[in-house]
Amino acid sequence: MPGPATAPPPKDLFEHRLLFVTGKGGVGKTTVAAALGLAAAHAGLRTIVCELDARERLHSLFNVSTRGFEEVELAPDLSAIAIDPEHAIEEYLLLQIKVRPVYDMLFKNRVFDYFAAATPGLAELVTIGKVWELAQPDRLTKKTKPYDLVIVDAPATGHALAMLEAPETFKKIARVGPIHRQAGYIQSFLHDPATTAIVAVATAEEMPVNETLDLRRELIARVGLDIALTVVNALEPEYFTAKEIGILRKEDQIAPIEAAVLQSERSVRQAEQYERLAKELKRPVIDLPFLYEKSIGRQELNELADKLSSDLAEQLERVAK
Ligand SMILES: Nc1ncnc2c1ncn2[C@@H]1O[C@H](COP(=O)(O)OP(=O)(O)O)[C@@H](O)[C@H]1O
Ligand SMILES: [Mg+2]
């Protein structure tokens, strides 16, 4: 078992090589991963965001079409790739099996499908292995220039933890040989707080806050990493003071007044949950506003990216003082 996490030295989030964005389903992981990607690109880093769920449509947020396992440019210095286990295993085996006819023979007979089905955790290992490959200064697949920063739009908490543990699991199964060695490289990269930062996303509601606190405990116990940054997403703005809400409540509850009262009650409840999270977490927290738009597109992502950039800069300044 890895030892307990020691607090990593305060450091710029974008100085890591990998940001692993996770949290409860629906809290805004994909949105935050994209906004972080834009913020990093704006800071001049060559950045790629990896989607691990084929149903995600990150590129559509940017109006870019893609053919899956391909690195596509979304904006200057910002690319995206959708990583699915089938493509990842195919690429991995192509790199391992140097003799093309041998590869073709195995592939034609679907031996890989059998191999993958019979090996639990393999899908997670090859997926995280591809993420690792993208983050290497010296890429195995010499298709593109190396990236400065890789951002993973990771699955929800439980599956994300399994993914972070996959290299260790494989090191135990394959006790010697190339798979053991490669799993070792991936593991040391993933579990090093200097290279990898876990970014938790939550909304300021009871269940997502609980899940974030659980994630932190599990991360420390199972992976030996702490959460580097928590983003509280979709926070309701506090439009009214307590006194103003009191005045509104006394009015006839016509629709717009009712809406204002409901919104302010929501923002009060969120503030309580936010406070609980910050207090129990004792780790850096940044919040992003709820955007009252029909849908989130390029402009909204830029807005969120700017907020992230300025809050991250402010945090660094505070640490430096
Ligand atoms: N700050 C925000 N303001 C308004 N809507 C948001 C915000 N963040 C995310 N959303 C919307 O919430 C939904 C879920 O967000 P998404 O990023 O897909 O979550 P996840 O990846 O965690 O499932 C999407 O429709 C997204 O556009
Ligand atoms: Mg998502």
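Predicted model: local features only at pLDDT ≥ 70, side-chain atom pairs only at ≥ 80, totals over all residues.
Residues are numbered from 1 along each chain as its sequence is written, while chains are lettered from A and ligands numbered from 1 in the order in which they are written.

**Exercise 1.** State the order of the strands in the open sheet.

Step 1. Helices (H or I, at least four residues) and strands (E, at least two) are DSSP runs, numbered from the N terminus; two strands pair if DSSP finds at least two bridges between them.
Step 2. The order of the eight strands is β3-β4-β2-β5-β1-β6-β7-β8, with mixed pairing.
Step 3. The edges are β3 (72-75) and β8 (285-289), each with a single partner strand, so one side of each has no neighbour in the sheet.
Step 4. Strands β1 (residues 18-23) and β5 (residues 149-153) run parallel and are joined by four bridges; L19 stands opposite I151 in β5.

**Exercise 2.** Which strands does helix α9 lie across?

Step 1. Contact requires C-beta atoms, placed from the backbone, within 7 Å.
Step 2. Helix α9 (residues 206-223) lies across β1, β6 (196-203) and β7.
Step 3. Its direction is at about 160° to β6; axes are lines fitted to C-alpha atoms, for helices over the stretch in contact, and angles run from 0 to 180 degrees between N-to-C directions.

**Exercise 3.** Describe the residues around ligand 1.

Step 1. A residue is near a molecule if its C-beta atom, placed from the backbone, lies within 6 Å of it.
Step 2. Of the 13 residues, G28, K29, T30, T31 and L291 come nearest.
Step 3. Elements giving two or more residues are α1 (29-42) and β7 (227-235); α1 gives the most, three.

Terms used
Contact = placed C-beta atoms within 7 Å.
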